[in-house]
Amino acid sequence: MNELKKYHEIPIGGTVITKDVVQPKTGGWRMGEKPMVNLDKCVNCLICWLDCPDTAVLAEGTDFFGFEYDYCKGCALCAEVCPTDAIVMVPDDQEVPEYGRMLNGGPHEN
Amino acid sequence: MPTIKQLAANEAKEKRFRGGHSLCSGCGIPIVVRTVLNSIETPVVVVNATGCLEVATTRFPNTAWNVPWLHVAFENAAAAASGVESAYRALVKRGKLPADEPVTFVVFGGDGGTYDIGLQSLSGALERGHQFLYVCYDNEAYMNTGIQRSSATPFGASTTTSPEGKISFGKAQQRKDLTAIAEAHHVNYVGQSAISHWHDLSDKVKRAVEVDGPAFINVLSTCQLGWRHEPREAVKVAQLAVDTLFWPLYEVVKGRFRLTHIPEEIVPIETWLRMQGRFKHLFKEENAGALEVIQQQIFDEWERLKERDRNDRAHFAPLQKDQTFTTEFEMV
């Protein structure tokens, strides 16, 4: 039998330094739909931002910005909680502007 | 009253919980975590019990947490937090950590790790009076291991260990009232909230971290897999749990009770049950009596809570006009 180790000789538990880690992208989980926002209707209430389980609704400071499709799992919770129906679910293969931002019916340049 | 902009400003400063974890799409747990962590202004240390949250957010060598985070085992999250908090106090006493920069210790445990397996360590930590906040995200079964019943599973729910069928009716027992158990420790703050009411939860967290000694908040989360509802309906299901009085929102501050949210319109429990596949069998002809039993139990419990609320209401600052809940911490 191995000799018992002192407390300081035992390896400490699994340690992960957050800043060294790139999180795996979970956008591949989507089942055919992704969100898109019509900024004409958005009232910047941020409820979608708080309720998104994957932190895939981006905020710029305290303002709504758009969607991070790399992490969005397509649960449509954001579209469901949106009080003004600004968020709509579109087919995953549909071309959308970056971050899903639409204005006046067309892509929003920023 | 906290605003969502304040939470956003806090997250813009420091993103404490990030995506890329493997929680299901439409999971309610991250809503609990982000509302709680963004409501706390001081640096936080998080201790996690085993459960969906722990397993899915820390697949080695990745992590969704951007705060100091510790997991030891299923049953001892509160004990581990006690140790962390005691070590912190000892280091402050010896001058190795600054005394004027407070740190908040938060524990997240699921209903399995809190109602059942971790109950003894939670009870011990509450009794010893460590300065920490315990948040239980209650999704009403052992979802991580495949939907086994827990003591938080409500009466009649079908799970893999209380399946509905010819002989079994779903879970035959009542759920445990854990918030009342925590309250029985005579700690200064105990509350019950839900993911659909982020302002209520955020408010409670702000008060809970201010009190002297331990605080406990029981938050109703949802589970699209175990409750069998559409992922997009996660918040709506929690909202209905509150509106049907299945999950009353209240708090107990220094032994004084108050309801923090009274639904404008009380919805029959049937509406909530119908949304979820786990209660589907209750609508069969042979189970017709069960609905009435469940509804009656809920109304009885609500009457009891309303009575407590009436008795203790004078101890809190009065409600302003058009206010459904108060935010003043001071008791009259």
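In this predicted model, 32 residues of chain A are in contact with 38 residues of chain B. The size of an interface is often given as the accessible area lost when the parts come together. Between chain A and chain B, that buried area is about 3,000 Å². Carbon and sulfur atoms give 59% of the area. On the chain A side, the greatest losses to chain B fall on Gln23(A), Trp49(A) and Leu50(A). Together these residues make up 22% of what that side buries.

Charged pairs also link the two chains. Side chains of opposite charge can pair when their charged atoms come close. Two salt bridges are counted between chain A and chain B. Arg232(B) forms a salt bridge with Glu80(A). The closest N and O atoms of this pair are 2.9 Å apart.

Over all chains, the structure holds 21 salt bridges. Within chain B, a salt bridge joins the side chains of Lys206(B) and Glu41(B), at 3.5 Å from N to O. Lys206(B) lies in helix H8 of chain B, whereas Glu41(B) lies in the loop between H2 and strand E1 (44-48) of chain B. The pair therefore ties together parts that are 165 residues apart in sequence.

Helices H2 and H8 of chain B also meet directly. H2(B) spans residues 29-39 and H8(B) spans residues 198-208. Their axes come within 9 Å and cross at roughly 45°. This angle makes H2(B) oblique to H8(B). The crossing of H2(B) past H8(B) is right-handed. From H2(B), the contact draws on Val32(B), Thr35(B), Val36(B) and Ser39(B). From H8(B), Trp198(B), Leu201(B), Ser202(B), Val205(B) and Lys206(B) take part. By class, the contact has five nonpolar, three polar and one charged residues.

Ala77(B), Ala78(B), Ala79(B) and Ser82(B) in H4(B) face the contact with H6(B). Their partners in H6(B) are Ser121(B), Leu122(B), Ala125(B) and Arg128(B). Five residues of this contact are nonpolar, two are polar and one is charged.

Definitions and conventions: Residues numbered from 1 in each chain as written. Chains lettered and ligands numbered in written order. Predicted model: local features only at pLDDT ≥ 70, side-chain atom pairs only at ≥ 80, totals over all residues. Heavy atoms only, no water. Axes fitted to C-alpha atoms, helices over the stretch in contact; angles between N-to-C directions. Helix = DSSP H or I, 4+ residues; strand = E, 2+ residues; numbered from the N terminus. Parallel < 35°, antiparallel > 145°, perpendicular 65-115°, else oblique. Left-handed = near helix turned anticlockwise from the far one by under 90°. Contact = heavy atoms within 4.5 Å. Nonpolar A, V, L, I, M, F, W, Y, C, P; charged D, E, K, R; others polar. Buried area = accessible area lost by both parts, 1.4 Å probe. Salt bridge = Lys/Arg side-chain N within 4 Å of Asp/Glu carboxyl O.
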